[in-house]
Amino acid sequence: MEETVGLLNKIRQHNKLLIALNENCKVSLPDDVLEVLRKPHRLSFYYFQYMEKGSATFKTDLTEFTIGDGELAFGVPNQIFTKLPYDVNMLQYALSFDEHTLSLLPGNYPFLFNPFAANSIQFDLESQQRIKNLLSGLFQLLNGSSKQKKAEVILAHLHTLLTEYNTAYFEQYQDQKELKGSKLEKYIAFKIAVETQLNEHHDVQRIADQLSLTSNTLYAIVKEFGGLSPKEWITNRIMMEAQRKLQYSNLSVKELAYELGFSDPSYFSRLFKKNTGMSVRDYLSEIQDLSSN
């Protein structure tokens with residue numbers, strides 16, 4: 001396994017936008033890029049695969065799922081992402097772009113924070129046609145013969161596409177429509193706060209204060225959307241990050257504990273075993289066994 005740092009740099013840039021889109025694998029990828037895509041890899045960019053016709057199975061971190069006709073799979077930076085297997089014969093669009101490109105867009109797309117922990121999106125027939133048209137048009141913009149690539153037009157297409165994705169993501173949860181106001185916004189804000197403070201002291205009360213919530217209100221919101229208490233949610237997220245780092249770094253247990261904000265490496269080791277069911281040493285042995293197959 002290897003990390004995908006610099007993967008998009010192997011694909012053309014458009015007016016300083018780091019973005020790539022492949023339609024039915026028409027653009028040949030270098031062998032080393034294909035080698036990365038066929039194995040679990042840590043994303044360094046946003047990735048979206050729209051399946052026009054066919055089916056494909058993916059794995060994001062520890063969750064495996066399958067998409068079919070007119071469905072989308074997506075991954076975000078730092079997730080461990082795998083497509084099982086990597087089949088080039090499906091009718092599909094594979095879109096990638098970096099954080100800088102996202103920052104240039106005019107909208108907010110809260111589905112990227114994945115509040116419902118669902119890395120797949122379903123679309124109705126009308127939406128499927130719009131998305132196919134947008135992807136096809138964007139592919140022509142990025143890969144056409146014109147030497148002049150207009151960044152503002154590319155960004156306009158991308159904004160509309162992400163708006164379609166965002167709308168469909170939340171429409172999948174019609175039974176929770178009444179929760180899409182301030183409570184969902186607070187849950188997303190909680191996730192953002194955890195991400196930005198992941199390597200700092202993990203204080204639930206401090207996050208509640210930042211969100212202008214009582215600890216009881218934060219507990220109720222995170223429990224409702226995430227199924228766990230805030231403390232459990234944070235612990236799970238940190239342990240997931242520990243597993244990611246163990247796959248892509250040579251840190252010692254002590255170094256890893258300190259990097260994740262733990263002052264006591266022994267406590268970190270005990271927490272890791274309690275959360276994953278195995279010691280750090282056993283987890284590393286399992287990774288080595290898998291990578292040798």
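Modeller: Helix α5 (residues 182-196) packs against helix α7 (residues 215-226) at about 90 degrees, and their axes are 10 Å apart. Helices here are DSSP runs of H or I with at least four residues, strands are E runs of at least two, and both are numbered from the N terminus. Axes are lines fitted to C-alpha atoms, for helices over the stretch in contact, with angles from 0 to 180 degrees between N-to-C directions. Helix α5 is therefore roughly perpendicular to α7 (65 to 115 degrees; under 35 is roughly parallel, over 145 roughly antiparallel, the rest oblique). From α5, Lys 183, Leu 184, Lys 186, Tyr 187 and Phe 190 take part in the contact (heavy atoms within 4.5 Å). On the side of α7, they meet Leu 218, Ile 221, Val 222, Glu 224, Phe 225 and Gly 226.

The model is predicted: local features require pLDDT of at least 70 and side-chain atom pairs 80 or more, whereas totals for chains, interfaces and linings use all residues. Numbering starts from 1 along each chain as its sequence is written, and side-chain values use heavy atoms, leaving out hydrogens and water.

Another helix, α8 (residues 230-248), contains Glu 241. Glu 241 is buried because its relative accessibility is 6% (buried is under 20%, exposed over 50%, partly exposed in between, with a 1.4 Å probe and protein chains only). Leaving aside residues up to four places away in sequence, Glu 241 touches Arg 42, Leu 198 and Leu 260. With Arg 42, the side chain of Glu 241 forms a polar contact of 3.0 Å (N or O atoms within 3.5 Å, one able to donate a hydrogen and the other to accept it within protein; sequence neighbours count only through side-chain atoms on both sides). Leu 198 is 43 residues from Glu 241 in sequence, yet their C-alpha atoms are 8.9 Å apart in space.

The strands come next. Five of them form an open sheet in the order β1-β8-β3-β6-β9, with antiparallel pairing (pairing requires at least two DSSP bridges). At its edges, β1 and β9 each pair on one side only, and the twist from one strand to the next averages 15 degrees. Strand β1 runs antiparallel to β8 (residues 91-97), and five bridges join the two. Helix α3 (residues 125-143) lies across β1, β3 (46-53) and β8, at about 115 degrees to β1.

Within β1 (residues 19-23) lies Glu 23, whose bridge partner in β8 is Tyr 93. Glu 23 is also buried, since its relative accessible area is 6%. The side chain of Glu 23 makes a polar contact of 2.6 Å with that of Lys 26. Beyond four places in sequence, Glu 23 touches Gln 92, Tyr 93, Ser 136 and Phe 139.

Aromatic rings give a further view of the fold: the whole structure holds 25 aromatic pairs (ring centres of Phe, Tyr or the six-membered ring of Trp within 6.5 Å; planes under 30 degrees apart are stacked, over 60 edge-to-face, the rest tilted). Phe 111 and Tyr 165 pair edge-to-face, with 6.5 Å between centres and 80 degrees between planes. Phe 111 belongs to the loop between α2 (99-103) and β9 (120-122) and Tyr 165 to α4 (residues 151-171), so this pair ties together parts 54 residues apart in sequence. Phe 111 counts as buried at 0% relative accessibility, and Tyr 165 at 1%. Phe 111 also forms a tilted pair with Tyr 169, at 6.1 Å and 45 degrees. That pair likewise links distant parts of the chain, the loop and helix α4, 58 residues apart.
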